[in-house]
Amino acid sequence: MDVVDERLGIRALEYPVPEHANNLAWSLGGITAASFVVLIGTGILLAQFYSPVPESANQSVRDLVTDVWGMRFVRGLHFWAAQAMYVTAALHLIRVFFTGSYKRPREGNWLIGVAMFGLVIFALFAGTVLKWDQEGYEALGHNLEVAELLGGAGLWFSAGFSSRVSILVRLYGAHVVVIPGLILVLFTWHALLVKRHHISPHPSLTADDGAEQAPPAEPTEPFTHHLRRIAALGLALTGVLAILAVLIPPAVGPEPVEGIEVTRPPWNFWWMFTLENWWGLPWIAYGGGALFLLLIALPFVDRNPHRSW
Ligand code: HEM
């Protein structure tokens with residue numbers, strides 16, 4: 001251990017963190033990161049067999065699950081890990097909201113979190129399009145219509161943006177490089193800021209509601225214990241996702257047919273499509289935009305230092 005520590009400095013991770021950081025609710029960010037690790041591993045494997053051009057994309061997905069040993073399972077794990085990341089990131093956001101952890105000095109880290117949440121949603125959308133079946137094609141169709149409504153702001157999403165590279169290839173680039181790369185950079189910043197500000201105080205433990213730090217009286221544990229716990233929770237989650245991947249593998253339909261609308265959007269987007277059903281297509285953009293504007297505005301509007309919800 002001493003030999004390794006002298007060269008890699010890993011004992012620097014043994015700094016103390018307050019005990020409440022180990023609660024399940026306060027571990028949700030770490031569990032989100034664990035799902036992201038599963039997504040990267042399974043995504044790299046999928047990329048060895050997926051063909052991102054419109055002529056063969058759909059067939060390549062159907063072939064990889066039937067012809068390549070283990071890939072049906074890997075695809076299932078990738079799909080379920082994406083669902084897990086969406087759910088745990090949302091639960092983590094809700095925890096941060098209800099414990100007032102977005103308040104001074106953590107406003108910047110809240111905004112980094114909002115950006116990562118947007119990227120998770122974008123990755124889900126792009127992933128849905130990649131399989132190039134009816135569901136994916138209709139998801140893209142909707143997006144192109146919204147892009148048209150946005151005018152210049154939606155130009156990148158429009159089919160006419162590049163005459164040589166199809167939008168499927170561009171979405172593939174976003175899905176496998178740009179989005180995960182941005183999440184990695186933002187997550188590094190996010191985690192460094194958690195270390196710098198320390199984890200926010202537990203609302204029930206602070207004598208003074210406005211405190212920015214856990215009270216010195218709260219017992220601490222080395223951060224390495226927290227990491228061990230996140231690794232254990234991440235493994236348990238992966239076990240559950242593996243069972244789901246076997247029992248409920250994600251579907252992939254045949255090649256899409258143009259000009260019809262017969263599929264339901266993935267459940268992650270239902271809230272947006274409800275708005276569309278009520279008030280029309282532009283509300284996909286207005287609804288999504290309004291939610292993100294509210295999230296961005298929150299720490300600037302709520303200046304009350306009290307953390308109890
Ligand atoms: C999407 C991927 C995300 C990952 C991997 C992630 C990861 C983490 C981790 C590991 C922590 C340490 C504490 C904990 O686990 O609760 C944390 C804290 C924090 N996160 Fe996230 N997060 C993500 C998204 C978000 C979102 C969507 C928000 C809010 C909009 C957010 C805001 C914060 C804030 C303000 C803290 C500091 C909380 C405190 O000190 O109690 N994060 N994040």
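Predicted model: local features only at pLDDT ≥ 70, side-chain atom pairs only at ≥ 80, totals over all residues.
**View 1. Packing of helix H2 against helix H8.** Helix H2 (residues 28-47) and helix H8 (residues 223-247) cross at roughly 55°, and their axes come within 9 Å. H2 is therefore oblique to H8, and the crossing of the two helices is right-handed. On the H2 side, the contact is formed by Gly30, Ile31, Ala34, Ser35 and Val38, which meet Ile230, Leu233, Gly234, Leu237, Thr238 and Leu241 of H8. Seven of the residues in the contact of H2 with H8 are nonpolar and four are polar, with no charged residues.

**View 2. Helix H6 and its buried residues.** Helix H6 spans residues 134-150, a total of 17 residues. From first C-alpha to last, H6 reaches 24 Å, close to the 24 Å expected at 1.5 Å a residue. Its buried residues are Glu135, Gly136, Tyr137, Glu138, Ala139, Leu140, Asn143 and Ala147. These buried residues pack against helix H5 (107-130) and helix H7 (167-197). Just after H6, Gly151 adopts a positive phi of about 65°.

**View 3. Packing of helix H9 against helix H10.** The axes of helix H9 (residues 270-279) and helix H10 (residues 282-301) lie 8 Å apart, and the helices pack at an angle of about 135°. H9 and H10 are therefore oblique to each other, and their crossing is right-handed. In H9, Met272, Leu275, Glu276 and Trp279 meet Trp283, Ile284, Gly287 and Gly288 in H10. By class, the residues of the contact of H9 with H10 comprise five nonpolar, two polar and one charged.

Notes
Residues numbered from 1 in each chain as written. Axes fitted to C-alpha atoms, helices over the stretch in contact; angles between N-to-C directions. Helix = DSSP H or I, 4+ residues; strand = E, 2+ residues; numbered from the N terminus. Parallel < 35°, antiparallel > 145°, perpendicular 65-115°, else oblique. Left-handed = near helix turned anticlockwise from the far one by under 90°. Contact = placed C-beta atoms within 7 Å. Nonpolar A, V, L, I, M, F, W, Y, C, P; charged D, E, K, R; others polar. Expected span 1.5 Å × (residues − 1). Buried ≥ 20, exposed ≤ 12 C-beta atoms within 10 Å, placed from the backbone.
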